[in-house]
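My notes follow in the order I took them.

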Amino acid sequence: MLQQIGDGLKGHKWLTYTVFGALALIFAAWGAYGVANLNFGSGTFAAKVDGHTIPYEDVRLPWQREQNQWSQRFGGEIPQAERAMLQDQLLESVVRSTLLVDRAHDMGYRVPQDQLAAAVRNEPAFQLDGRYNAEVAKSRLLSAGITIDQYTNDLNSDLERRQLQDGVQLSQFVTPVELNRLRALTDQQREIRYAVLPLAKFAATVPVTDAAIQSYYETHQAQFMTPESVHLQYAQLSLTQVTAQITVSDADLHDYYTKNKTRYISTEQRHAHHILVAVSDKVNDAAALKKAQDIEARLKAGGNFEALAKQYSDDAGSAAQGGDLGLAERGSLEAPFADALFAMKPGDVSDPVKTRFGYHIIRLDEVVPAKGKSFEEARTDVLDQIRHDRAADRFGDMQEQIQQKIDQAGETLESLAKEFGLTVGDVPQFFRGTGGGELGSSKDLQSLVFSDAVLGEHKIGGPLLIGDDRLVLVRDLSHTAPAAKPLTAVHDQIVATMRKEAGSRAALAAAQAAAASLRAGKDFDADPRGGVQGAEACGASGRVPGLRRARWQRRGAGHHCGTPGISADGPAAGRHARPGPGQRLWR
């Protein structure tokens, strides 16, 4: 979810992002619906999951953002059946997310405050020149319509789900029986004899007639088709083009700065240490509080905060550093923790503070006050923000206007390009599957270009949003359907394939016949080729004619054959049981 929110932070109203992404965990056979009441219609809630109610707004808003994208894919109104299916998918993803969060809580997964703060600071959308910038973070969140509390709550839930997923994925173990078997096989050695039947020798003797080649060509013609392609004309509009057309007056700059002055004030940060006594299945609330109070008493008696944090704190992320949380803003912290910390003075040590993680004892070390920028200091940022906002609005408006124009009869790609300032281009061969030219090969674009509307009805396709900042219209100039390549072009390929297949069958038949003969009692050493017709003579070092013994050894996860030039089949050599006295096993 947070990755998609992060993507959304970088854009504005025309950008489509799904807040609730489907998660990778698979539920039990009865699925999410076994524990949830679903309701995508009218009402105050969208679903009830294990006693938790998911507000209708939490699903309605993401669905509104998705509709534009799906409308583009369907070339207009979304069919009712597909609409219902897409809504069900979105709703089920919300249910899955809720269930995973609940499960993570039940299993005791918690995100340390310093880890949550670090995740906020590491969000690329909140960085300027590669470093976290509180002003940028605040601006991005406001632009995306997300409050700081919403973002940190979603981030915390996402991190907890990752902990649960990682715990499942990394929980593989080896039983004592498997471990003993592994030890027994490690460094095990087996003496083997082998014969090599080179495919090339058998393939070279396979006769291939013109009639056989013609028959293979006709039977496997689907393998020798030219790719489908379209000679494509397109027109595109980029956000950069629109931004370049935006002009901003000094009066607008001053007005925006005055109305949004708080955006250009760096958020106050506080440096703190803490000791967490967690509440869990093993430690109830009363016991945790008693332990926290005992630690507090030791601090008041002169105990060293860092030493006690290392000894008693249940916050694995900060305990080793003596409970150091580093610099943090109010919005990156749990509300009760933040309220206590931002009411303290440097040097203060708090009473036990309860959060959903347990009880915290907090020490405030340093306050980095908020600092505002003057108009001149913020001028460049204000200009960029206004241009970006206005370009975003105009970009979205132009997309709607272009769509309305396309729906009218008589519009051409050229007339639309002239009216809206679009850049016109040409792709001589846009291939199905691989695309072509600067348009790339996105699935949405592929679906649009090879749709019935574009190829069959010769309509203008689009406008389609590609990436975050480009609108594209397409029109086919000509369509090249898949066609069989001439036999002369694939003749050598067919001959090589036929010889390889026939040679493989001949080599396998020879090997199977030799194995049967050896099992019947034929002396392996009586023939330089071990009695295997078609085998090459190989020596232990590649110098001595005849087949020799090789020592195969299992080494850890790999295998090794002691004869240079021969790659023994380790798994096959190690698969047989130990032969009895005087017994040989042939494979």
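Predicted model: local features only at pLDDT ≥ 70, side-chain atom pairs only at ≥ 80, totals over all residues.

Entry 1, strands 7, 13 and 14. I looked up strand 7 (residues 229-238) and found that 10 bridges join it to strand 14 (residues 470-480), with the two running antiparallel. Within strand 14, Val474 is the residue opposite Tyr234. I then checked strand 13 (residues 461-466), which pairs with strand 14 over 4 bridges, also in the antiparallel sense. Here Leu464 has Val472 of strand 14 as its bridge partner. Strand 13 and strand 14 make a hairpin, and 3 residues lie between them. Gly467 sits in that turn with a positive phi of about 70 degrees.

Which peptide bond is cis? I found the one from Gly462 to Pro463, with omega near 0 degrees. Pro463 is part of strand 13. I also looked at His458, in the loop between helix 18 (452-456) and strand 13. The phi of His458 is positive, near 55 degrees, and this residue is not a glycine.

I traced an open sheet of 4 strands in the order 9-8-11-10, with antiparallel pairing. Strand 9 (324-329) and strand 10 (353-355) are the edge strands, each pairing on one side only. From one strand to the next the twist averages 45 degrees. For strand 8 (residues 269-278) and strand 11 (residues 358-368) I noted 10 bridges and an antiparallel run. Leu276 has His360 in strand 11 as its bridge partner.

I listed the buried residues of helix 4 (residues 113-121): Gln113, Asp114, Leu116, Ala117 and Val120. Looking down the axis of helix 4, I see these buried residues within an arc of 160 degrees, so they line one face of the helix.

Val174, Leu179 and Leu182 make a nonpolar surface patch of about 260 Å². Leu182 belongs to helix 7 (residues 176-185). Why does Leu182 count as partly exposed? Its relative accessibility is 48%, and partly exposed lies between under 20% for buried and over 50% for exposed.

Notes: Residues numbered from 1 in each chain as written. Heavy atoms only, no water. Patch = residues over 30% accessible without salt bridge, like charges linked within 9 Å, V, L, I, M, F, W, Y side chains within 5 Å. Areas by Shrake-Rupley, 256 points an atom, 1.4 Å probe, with all protein chains shown as cover. Salt bridge = Lys/Arg side-chain N within 4 Å of Asp/Glu carboxyl O. Buried < 20%, exposed > 50% of the residue type's maximum accessible area, 1.4 Å probe, protein only. Pairing = 2+ DSSP bridges. Arc of directions from axis to C-beta. Axes fitted to C-alpha atoms, helices over the stretch in contact; angles between N-to-C directions.
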